[in-house]
Amino acid sequence: MALDRKLAPNDLRAFWMPFTANRQFKSAPRMLVAAKDMYYTSADGRQVLDVTAGLWCCNAGHCRPKITEAIQQQAAEMDYAPAFQMGHPAAFELANRLVDIAPDGMDHVFFTNSGSESVDTALKIAIAYHRARGEGTRTRLIGRERGYHGVGFGGISVGGIVNNRKFFGSLLNGVDHLPHTHLPENAMTKGQPEHGANLADELERIVALHGAETIAAVIVEPMAGSTGVLLPPKGYLEKLRAITKKHGILLIFDEVITGFGRLGSAFAAQHFGVTPDMMTTAKGLTNGVIPMGAVLATAEIHDAFMSGPPNVIELFHGYTYSGNPIASAAGIATLATYREEGLFERAAELAPYWEQAIHSLKDHPHVIDIRNMGLIGAVELEPIEGQPTKRAFDIFVKAFEAGIMIRTTGDIIAMSPPLIISKAQIDDLIGKLGDVLKAAA
Ligand SMILES: Cc1ncc(COP(=O)(O)O)c(C=O)c1O
């Protein structure tokens, strides 16, 4: 009996799926079996427009030749090499290519395997940095309500999504949260909202409460993605930067979603003209093809660790797969694809068309807010009374049946297509999503 189950290719029981209603999914699975450029092929042979770049990660579209070839070649040449007290060229090259596109001053790269690991790495570096400079009392970390920073204990502690936190005990201590920036008066704003910059002043209150000398870092997503696309109010990030600088607190931008062209610049830091002290990345770094993340840090942070005897390990941190050769090769080929095809610029050029298209859904049934920036958009729906998330989830299922893959979080539809999407494909998306919204009313 057990053997039969193992052999059955369509037995769905063993895989405990992440962030999924397992029993609901397994009773009516949505399976993807192939992908090319803007489309997935579903198990029943349909072409499905990928409006989420996989999971906010396939920014160059799917199965891009340069990336596929680089992976194949590296796998055949050298599959794995350790990065502890050993090196291989691809990791160094990728680090340099990343520094090339990063904001000025972000000169060093620490490799991880995911966004969650990037976040925990950055938080650890922040605390260790202050200690290295003789300010070991700076251990407190400040996140933000509704923030998503992955699923490690550090990430969920500074994160602000209640279901990601409340099941998992007491989390890290010494953590505080800024208020989120989602204000009703900003509804239906195109691009950055007008109201809410003053919410950054809450950091002054937190500093006054605990003392600046106890605070290591503030971490925020420059544009909050996973919680349902919340844009920073005009002037908000600038204020956070000014207050953190004033008090010697590090500012970390979690760019796991906003990195690699999503807003029309390499990173959100450049888009908003605000440079943090560290940036966390993953997803689009390898076009989502191979797990990899990276933390970018300023020379000031890096150099603070480089003062002891040169034979002593400076940072007791790292992963077996930090700078994995195949992931590094994928990253180099991904950055080359972005550059050669001008995909960040393409996202910036398409953004006004995308904005018009998304906002054309505003009079559809139950739509209460629409938000956009770069090639990212959200349509927020009024929840069904007593059944939060159901309206959006039903639309997600219907949209998939209609040939578009969107993503929902709560009652918010989030969209972040590969940066290669065409205007005709945007029109197709809006037409189909509009029909599904109307039919669901
Ligand atoms: C801003 C942000 N940080 C961290 C993460 C976690 O990344 P991963 O799922 O690769 O651990 C995500 C994932 O969506 C994210 O959006």
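Helix 14 and helix 16 are roughly parallel to each other, a term for angles under 35 degrees. Helix 14 (residues 343–359) packs against helix 16 (residues 423–439) at about 15°, and their axes lie 10 Å apart. This is a predicted model, in which local features need pLDDT of at least 70, side-chain atom pairs count only at pLDDT 80 or more, and totals for chains, interfaces and linings use all residues. Residues are numbered from 1 along each chain as its sequence is written.

**Helix pair**

- Axes are lines fitted to C-alpha atoms, for helices over the stretch in contact, and angles run from 0 to 180 degrees between N-to-C directions.
- Helices are DSSP runs (H or I, at least four residues), and strands are DSSP runs (E, at least two), numbered from the N terminus.
- Tyr353, Trp354 and Ala357 of helix 14 meet Lys423, Ile426 and Ile430 of helix 16, with contact defined as C-beta atoms, placed from the backbone, within 7 Å.

**Domains**

- The domain assignment gives domain 1 (2–60 + 342–439) and domain 2 (67–340), with bounds from an automatic or database assignment.
- The C-alpha centres of domain 1 and domain 2 are 26 Å apart.
- Their contact takes 32 residues from domain 1 and 27 residues from domain 2.
- Helix 14 supplies the largest share of the side of domain 1 that touches domain 2, seven residues.

**Ligand shell**

- Among the 14 residues around the ligand, Ser114, Gly115, Ser116, Gly150 and Val256 come nearest; a residue counts as near if its C-beta atom, placed from the backbone, lies within 6 Å.
- Helix 6 (residues 115–132) gives the largest share of this shell, three residues.

How values were computed
Parallel < 35°, antiparallel > 145°, perpendicular 65-115°, else oblique. Contact = placed C-beta atoms within 7 Å.
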